Amino acid sequence: SEARGTDKHWCWAWWETEVDAARLKGCKEICVRAVDSNQNLQPALLTWNVMGMMNNCLFRVKVHELEDGSGVWFEHPTQPANEIGGWMTED
């Protein structure tokens with residue numbers, strides 16, 4: 001999908017895509033990976049250095065089916081600030 005609202009390098013860019021909801025049935029996880037026009041890829045695994053750079057690896061969202069089977073809901077890895085939750089936590 002196309003980035004929108006930016007022509008800057010080395011920065012976050014908003015983007016969006018459309019997915020047919022029926023394709024998410026039975027899906028357990030959605031992964032998102034950025035690729036630029038030179039085919040540089042966001043790292044697949046977490047890497048870290050003293051500066052804290054390069055710690056933006058693949059973003060994963062868990063997909064859960066609603067109990068009544070009428071749809072799905074998405075669970076992010078963590079919650080903002082000090083909120084409890086997310087699939088990376090043990091609670």
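A disulfide is taken here as a pair of cysteine sulfur atoms within 2.5 Å, and by this rule the count for the structure comes to zero. C27 takes part in no disulfide, since the nearest cysteine sulfur, that of C31, is 8.8 Å away; likewise C31 is in no disulfide, with the sulfur of C27 as its nearest cysteine sulfur at 8.8 Å. C27 is partly exposed, with a relative accessible area of 23%, and C31 is partly exposed as well, at 40%, where buried means under 20% relative accessible area, exposed over 50%, and partly exposed in between (1.4 Å probe, protein chains only).

The model is a predicted one, in which local features need pLDDT of at least 70 and side-chain atom pairs count only at pLDDT 80 or more, while totals for chains, interfaces and linings use all residues. Residues are numbered from 1 along each chain as its sequence is written, and side-chain values use heavy atoms, with hydrogens and water left out. The mean pLDDT of the protein (pLDDT being the predictor's confidence in each residue, from 0 to 100) is 77, and 74% of the residues reach 70 or more.

The protein has zero helices and five strands, these elements being DSSP runs numbered from the N terminus (helices H or I, at least four residues; strands E, at least two). Along the sequence the pattern reads β-β-β-β-β. Among these elements, strand β1 (residues 3–4) has the lowest mean pLDDT, 59, whereas strand β5 (residues 72–75) has the highest, 88. Of the 91 residues in the protein, 11% are buried. If contact is defined as heavy atoms within 4.5 Å, then 27% of the contacts between residues at least 6 apart in sequence join residues at least 24 apart.

Side chains of opposite charge can pair when their charged atoms come close. The structure holds three salt bridges, each being a side-chain nitrogen of Lys or Arg within 4 Å of a carboxyl oxygen of Asp or Glu. In one of them K25 pairs with E65, the closest N and O atoms being 3.1 Å apart. K25 lies in the loop between β2 (14–15) and β3 (29–32) and E65 in strand β4 (residues 59–65), so this pair ties together parts that are 40 residues apart in sequence. K25 is exposed, with a relative accessible area of 58%, while E65 is partly exposed at 44%.

The other pairs involve E29, which is linked with R60 and K62 in a network of salt bridges. The side chains of R60 and E29 meet at 2.9 Å, N to O, and this pair links distant parts of the chain, with R60 in strand β4 and E29 in strand β3, 31 residues apart. The side chains of K62 and E29 also form a salt bridge, at 2.9 Å from N to O; because K62 lies in strand β4 and E29 in strand β3, the pair ties together parts that are 33 residues apart in sequence.

What is the nearest side chain of opposite charge to the buried E75, which has no salt bridge? That side chain is K62, 7.8 Å away from E75, where Lys and Arg count as positive and Asp and Glu as negative, while His and the chain ends are not counted. The side chain of E75 does make a polar contact with the side chain of H64, at 2.7 Å; such a contact is a pair of N or O atoms within 3.5 Å, of which, within protein, one must be able to donate a hydrogen and the other to accept it, and residues adjacent in sequence count only if both atoms are side-chain atoms. Leaving aside neighbours within four places in sequence, E75 is in contact with V61, K62, H64, G86 and W87.

A last point concerns the backbone. Most residues other than glycine have a negative phi, and most peptide bonds are trans. Q39, a residue other than glycine, has a positive phi near 65°. Q39 is placed in the loop between β3 and β4, and Q39 is exposed, with a relative accessible area of 59%.
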